[in-house]
Amino acid sequence: MVTFFAGLPRADSDQGISSFKRKAVSPFNLALLLSFIVVSAVLVNVSSKTPFLDPLFQRLNSFGSLSNPPLLHWPFSVSYTDLGNDTTFGSRNVSGIVQTTGNRSSELNRTVGTSSDGKKEVFDNAHVGDVVDEPQDASFAHNGSESAQDSVFADVSENKTEPADAHLGDLNETVPASSDGQKKGFDKPQDLSFANNRSESAPNTTIANGNENKTPATDAHLGELTVSSKVPAAVTKSLKDCDLFDGRWVKDQTLPYYPPLSCPYIDKDFDCHLNGRRDNEFEKWRWQPHGCEIPRFNATDFLERLRGQKLVFVGDSLNRNMWESLVCLLRHGVEDKSRVYEISGRHDFKKKGFYAFRYEDYNCSIDFVSSPFLVKESSFQGKNGSFETLRLDLMDDTTHMYHDADVLIFNTGHWWTHEKTSQGEDYYQEGNHVYPRLKVLEAFKKALTTWARWVDTNIKSSHTQVIFRGFSVTHFRGGPWNSGGQCHQEIEPIYNDTYLAKYPSKMKVLEYVLKDMQTPVSYLNISKLTDYRKDAHPSIYRPDYQSAQNEIHAQDCSHWCLPGVPDSWNELLYAALLKTGRGSWTWKN
């Protein structure tokens with residue numbers, strides 16, 4: 001027992017004892033006694049592994065609020081911010097203080113204050129120290145992976161790593177355990193941001209169209225590695241109501257979904273790193289629709305939903321660009337890569353024909369059928385001999401290769417810009433009639449009408465989902481592709497909308513045709529989002545750009561490097577299938 005009166009005089013008489021008692025009960029000595037008791041109790045509480053006074057401090061502080069400061073502030077305790085009664089993480093209410101475990105602590109330097117107008121504001125930066133608290137429903141995004149309801153928002157990376165920038169959001173993913181069984185924290189997260197559904201580092205976010213809108217989360221609780229964030233006001237639409245193609249490009253350092261040079265099935269013309277391109281920032285842009293969140297591409301979920309089915313791309317080399325992207329995205333999510341193969345063993349896909357990649361573990365295939373016009377390329381016997389024509393009234397002969405597919409993705413457009421199709425002289429044919437001259441837009445409309453009629457007649461919408469991918473914008477400067485047009489040394493997207501091209505006239509024709517179809521068709525309107533991306537074409541990074549005689553060949557400013565922009569098209573394809581929600585693609589929004 002601690003003696004608090006050691007310094008008082010000894011009393012040997014009754015008078016001394018009486019004097020001693022009067023001093024002991026004086027207000028000054030009583031206050032001194034209580035002070036020593038409180039200080040001693042506090043010191044024991046701080047040094048204890050299981051502090052017994054924290055609930056008392058928390059209860060005392062709970063009398064305060066953001067508008068009415070707490071009654072007590074303890075200089076020896078971890079600072080905290082009252083989160084209010086409405087802050088939740090999942091179904092759990094979040095309140096209280098940041099906890100300390102041993103010598104390691106979760107440190108919250110990002111505090112919520114009250115501005116002059118009564119609104120909550122976030123100040124400074126949040127920092128998570130070397131935390132070892134076991135998480136309860138908490139999660140950290142690692143290597144860009146996120147999860148939500150039905151695993152739609154989960155990522156499937158082979159090598160899970162923890163990035164330097166920790167991103168926290170409405171995630172339900174478990175923090176990985178280290179070799180000693182403890183949950184890993186993040187030693188030095190630099191740009192911790194609170195997002196909803198998807199992780200996004202606000203301080204490092206770059207928005208391609210210049211309309212940057214950083215909205216910090218209002219509430220955060222970092223104790224057991226738990227973060228709760230109120231949904232920003234701007235994010236209000238569900239996937240069902242989301243316009244997937246009205247948005248902006250934002251930087252995402254977790255991309256690409258598969259490492260460069262890791263996929264052996266990329267056409268050499270699209271494999272820019274293989275051909276000497278050294279910069280990689282063009283791979284780290286993610287398409288973000290305005291006002292809504294879309295699921296991150298999940299290869300395992302995609303393949304599981306496609307189990308026992310066939311997905312077919314039909315169209316020109318831009319659809320082959322997209323097809324190769326999807327093959328690689330899905331292959332990266334398969335553990336045994338040997339069980340993903342092209343059924344004919346081919347690795348060169350530039351020749352016209354039919355190609356099919358089989359994913360053995362899922363009994364499904366991802367196919368490509370070359371049909372650049374969708375309608376039939378033919379010939380006509382005239383007075384002066386035979387010449388090539390394009391039958392606007394007949395579908396290509398390849399229809400038997402894909403009529404039974406479960407998912408069909410069509411495209412056409414780029415071959416309609418070539419000289420012969422643009423001029424339209426003695427080229428377009430219907431029946432036995434060859435038009436001496438026909439405008440390209442009129443011919444395009446006739447061809448799409450033939451395609452639409454075939455779909456309505458031959459495709460059962462109860463079995464097959466039909467998708468049409470829009471026109472991918474080119475970026476030739478200084479001339480067309482065959483007259484010196486260039487896009488070399490473009491390393492950044494277009495940031496200002498005023499520099500974007502007008503909406504393609506051919507896509508206006510497509511929309512006109514689609515509205516009269518009986519079969520529901522999902523339109524992947526990627527024209528505007530590709531227009532921003534002048535930085536992501538192969539340009540000079542293609543095998544035949546320079547010949548042995550150092551002869552300069554055409555730059556490629558039409559197709560896209562892989563990894564690259566077509567990966568985003570496939571992420572939007574994934575979102576579009578989930579949004580439609582038919583068959584195996586049903587999900588809870």
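**Sheet and helix packing**

Colleague: How many bridges join E20 to E21?
Modeller: Helices (H or I, at least four residues) and strands (E, at least two) are DSSP runs, numbered from the N terminus, and two strands pair if DSSP finds at least two bridges between them. The strands E20 and E21 run parallel, and the number of bridges joining them is four.

Colleague: At what pLDDT do side-chain atom pairs count?
Modeller: Residues are numbered from 1 along each chain as its sequence is written, and side-chain values use heavy atoms, without hydrogens or water. This is a predicted model, in which totals for chains, interfaces and linings use all residues, local features need pLDDT of at least 70, and side-chain atom pairs count only at pLDDT 80 or more.

Colleague: What is the mean pLDDT of the protein?
Modeller: pLDDT is the predictor's confidence in each residue, from 0 to 100. Over residues 1-24 it stays under 50, and over residues 209-235 it is likewise below 50. For the protein, 60% of residues reach 70 or more, and the mean is 73.

Colleague: What is the order of the strands in the open sheet of seven strands?
Modeller: The edge strands, each pairing on one side only, are E12 (340-342) and E21 (521-524). E17 pairs in the parallel sense over four bridges with E11, and over four bridges with E20, also parallel. The pairing in the sheet is mixed, and the order is E12-E13-E14-E11-E17-E20-E21.

Colleague: Why is E20 largely enclosed by the rest of the structure?
Modeller: Buried means under 20% relative accessible area, exposed over 50% and partly exposed in between (1.4 Å probe, protein chains only). On one side of E20 lie Gln465, Ile467 and Arg469, on the other Val466 and Phe468, all buried. E20 is largely enclosed because the buried residues number five of the five.

Colleague: What angle does the direction of H10 make with that of E20?
Modeller: Axes are lines fitted to C-alpha atoms, for helices over the stretch in contact, and angles run from 0 to 180 degrees between N-to-C directions. H10 (residues 565-580) touches E11, E17, E20 and E21, where contact means heavy atoms within 4.5 Å. The direction of H10 makes with that of E20 an angle of about 145°.

Colleague: At what angle do the axes of H7 and H8 cross?
Modeller: Among the residues that meet are Phe444 and Trp451 in H7, with Met507 and Tyr512 in H8. The axes of H7 (residues 440-458) and H8 (residues 505-514) come within 10 Å and cross at roughly 35°.
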